[in-house]
Amino acid sequence: MDLGICVRDLPANEVARLGRFAEDRGFSHLFVPDVRGGGAEPGKPLGGRDAFASLAAMFEATSTVRGAVGVAAVIFHEPTALARMAGTLNELSGGRFDLGIGVSHPEAAGRGGATYPKSPLTEMRWWVEEMRRCSTGGGLSFGGGFPVLVGALGPKMVALGAADADGVVLNWLTPEHAATTVAAVREAAGPGGRATTVLYVRISPRQAALTDAVNYDALANYHQHLVSQGLTTPEAIVAGATLPADDPGAAKERLAAYADAGIDVLCLYPHGFDEAERERVLASVAP
């Protein structure tokens, strides 16, 4: 299992610095979520910093670590523009870019003034076909060849990412349910198929982890996802699907459990730290 890092809404120079840190410490990937949305109402703030621009800064500062937008919420994007950005970053990085795409959530669509699709699966199937066409079918005259990953919670979206894309980006899974999901990905990919499984796992101070758990559980899709794993309280979510930030030994044991589950790339998702604390915690479990 490779270890990556996931960070959201950091200044581009910090993303570049973290990319160098990742490269020096043996991490394989740096994922930056797309934080578009917001600003639909006058006076309300826009979404966070642009993940694509931040990754451009990271690629300029590194030579081996892969960078990924994970995931770009397609309801806030136009397909040809998204493909051009992906191709440009893949060209800039020398083929080190991965594009994660997802349909987002009804709550985020409302905050961002977008329309949530009546059939998220149908919508995502179209986007996968279009991004794959641009990446590998000659749709782009530059920067082709980037993998397309699907942000997935439910079994149908997992199967779509495994069968029709290059893999899935997963979130908030216990090791036991990670193993079940890996098995489903391999089955959907079919004989000879190869689909990558990327999993985000928080490593945070306890209060920050509990706050994250409450916020995600408030989203209908995530609530269903968590309840299906028996995670019915914030405390249970933190205990079952995060890593302790203050106990490197226990964190490494949990990492080993995810490796045994068959996850390909586990992205440590630090939250609630300043820059120095973030690097200290990541270094304590670095490859």
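Author: Contact means that heavy atoms lie within 4.5 Å of each other. The model discussed here is predicted. Thr197 is a place to start, in strand S7, which covers residues 196-204.

Reader: Which residues does Thr197 touch, not counting residues up to four places away in sequence?

Author: With those close places in sequence left out, Thr197 touches Val168, Leu170, Val182, Val185, Gly262, Ile263, Asp264 and Val265.

Reader: Why is Thr197 called buried?

Author: Its relative accessible area is 2%. Buried means under 20%, so Thr197 is buried.

Reader: What makes Ala108 count as buried?

Author: Ala108 belongs to helix H4, residues 106-112. The relative accessible area of Ala108 is 15%. The cut-off is under 20%, so Ala108 is buried.

Reader: How do you know whether Asp9 is buried, exposed or partly exposed?

Author: Asp9 has a relative accessibility of 33%. Buried ends at 20% and exposed begins over 50%, with partly exposed in between, so Asp9 counts as partly exposed. Asp9 is found in the loop between strand S1 (2-6) and helix H1 (12-25).

Reader: What is the phi of Asp9?

Author: The phi of Asp9 is positive, about 55°, although Asp9 is not a glycine. Most residues other than glycine have a negative phi. Trp172 also has a positive phi of about 55° and is not a glycine. Trp172 sits in the loop between strand S6 (167-171) and helix H7 (175-189). With a relative accessible area of 1%, Trp172 is buried.

Reader: Where is there a cis peptide bond that involves Val71?

Author: The bond from Gly70 to Val71 is cis, with omega near -5°. Most peptide bonds are trans. Val71 is part of strand S3, residues 66-73.

Reader: Why is Leu10 called buried?

Author: Leu10 is in the loop between S1 and H1. The relative accessibility of Leu10 is 14%, and the limit is under 20%, so Leu10 counts as buried. Apart from residues up to four places away in sequence, Leu10 touches Val15, Arg49, Ser54 and Arg278. The C-alpha atoms of Leu10 and Val32 are 9.0 Å apart, and 22 residues separate the two along the chain.

Reader: Which residues line the largest cavity?

Author: The lining consists of Arg8, Asp9, Leu10, Val15, Val32, Arg49, Asp50, Ala51 and Ser54. By type, four of these are nonpolar, one is polar and four are charged.

Reader: What makes that space a cavity?

Author: A 1.4 Å probe fits there but cannot get out. The volume of the largest cavity is about 40 Å³. One cavity of 30 Å³ or more is counted.

Reader: How do you know that H2 and H3 are roughly parallel?

Author: The axes of helix H2 (residues 51-61) and helix H3 (residues 79-93) cross at roughly 10°. Angles under 35 degrees count as roughly parallel, so H2 and H3 are roughly parallel to each other. The two axes come within 9 Å.

Reader: Which residues of H2 and H3 meet?

Author: From H2 there are Phe52, Leu55, Ala56, Phe59 and Glu60, and from H3 there are Leu82, Met85, Leu89, Leu92 and Ser93. The residues of this contact divide into eight nonpolar, one polar and one charged.

Notes
Residues numbered from 1 in each chain as written. Predicted model: local features only at pLDDT ≥ 70, side-chain atom pairs only at ≥ 80, totals over all residues. Heavy atoms only, no water. 1 Å grid on protein atoms, 1.4 Å probe; cavity = no way out; pocket = protein on both sides within 12 Å on 5 of 7 lines; lining within 4 Å. Points joined across faces, edges and corners; volume = space filled by probe spheres on them. Nonpolar A, V, L, I, M, F, W, Y, C, P; charged D, E, K, R; others polar. Axes fitted to C-alpha atoms, helices over the stretch in contact; angles between N-to-C directions. Helix = DSSP H or I, 4+ residues; strand = E, 2+ residues; numbered from the N terminus. Parallel < 35°, antiparallel > 145°, perpendicular 65-115°, else oblique. Buried < 20%, exposed > 50% of the residue type's maximum accessible area, 1.4 Å probe, protein only.
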